[in-house]
Amino acid sequence: MPLMEDRHRVLNEAGRILLEKFGGSFLNCVRKSEKSAQKLLHLIVESFPSYRDVTEFEGKSVSFYKRAQILVADTWSVLEGQGDGCFADIASITMFADYRLPQVLAHLGALKYSDELLKKLCRGEMLSYGDKQEVEIRGCSLWCVELIRDCLLELIEKKSEKPNGEINSILLDYYLWDYARDHRDDMKGIPFHRTRCIYY
Ligand SMILES: Nc1nc2c(c(CN[C@H]3C=C[C@H](O)[C@@H]3O)cn2[C@@H]2O[C@H](COP(=O)(O)O)[C@@H](O)[C@H]2O)c(=O)[nH]1
């Protein structure tokens, strides 16, 4: 397993900060966020340095916050959007920009790599964290899921159907990630980008 020492350090960091600042329980972070997904997201990112998935693109700061967003989303799911997990702004959370979602989006034809990038990915070249192409892949995947969500909402509105529950980028991410897991063999020909880092 790669990055063993980093994994160990990050786990220790999480435990130490939970004990020092939050009485040893993540539920205290959740309660402090007063039912706001954005407040919880920022509390996590400010309190736990290993969640600061922030990089630069063309001179601008870009925050994907992959692990912080999945943590907020999983908290919402586990609490079934009720009680402490009733986040009014849950729809503001975007997909969790990892390496699996771009692959499945490319497989489904929603995202297309340039020929040059495709060749690079097929060669298995590593992209460093913050590399222009790595940020582009993550950014385009995130935007792609936002567009899919908008299309779905529009379709539902056109049909004047009441959505069967909520449609948001979190649920689309879960759907796509599960789809990727269940169709791993079908996706063998589609490469994914390789980046070693603690952020996703
Ligand atoms: N976008 C998105 N990325 C996700 C997940 C999950 C699984 N999530 C659930 C599981 C238990 C919790 O309840 C989580 O909700 C893992 N990953 C990422 O995939 C990568 C691992 O890939 P592979 O090599 O195939 O195992 C790695 O970067 C990991 O961080 C998701 O749902 N969405």
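# Pockets and ligand site in a predicted model

Among the elements that line the largest pocket, α1 makes the largest contribution, with five residues. The structure is a predicted model, in which local features need pLDDT of at least 70 and side-chain atom pairs count only at pLDDT 80 or more, while totals for chains, interfaces and linings use all residues. Residues are numbered from 1 along each chain as its sequence is written, and side-chain values use heavy atoms, with hydrogens and water left out.

A pocket here is an open set of points on a 1 Å grid over the protein atoms alone, where a 1.4 Å probe fits and protein lies on both sides within 12 Å along at least five of seven lines; its lining residues have an atom within 4 Å of a point. Helices are DSSP runs of H or I with at least four residues, numbered from the N terminus.

The largest pocket has a volume of about 580 Å³, a volume being the space filled by probe spheres set on grid points that are joined across faces, edges and corners. Its lining counts 21 residues, of which L3, R7, C197, I198 and Y200 are the closest to the centre. Two or more lining residues come from each of α1 (4-22) and α4.

The second largest pocket holds about 240 Å³ of space, and the elements that give two or more residues to its lining are α4, α5 and α8. The largest share of this lining, three residues, comes from α8. The ligand sits in this second largest pocket, in the sense that more than half of its atoms lie within 2 Å of the pocket's grid points.

Around the ligand, the shell includes K66, I70, D74 and Y200, where a shell residue has a heavy atom within 4 Å of the ligand. At least two shell residues come from each of α4 (66-78), α5 (100-107) and α8 (169-182), and α4 gives the largest share, three residues. By class, the shell has six nonpolar, no polar and six charged residues; Ala, Val, Leu, Ile, Met, Phe, Trp, Tyr, Cys and Pro count as nonpolar, Asp, Glu, Lys and Arg as charged, and the others, Gly among them, as polar.
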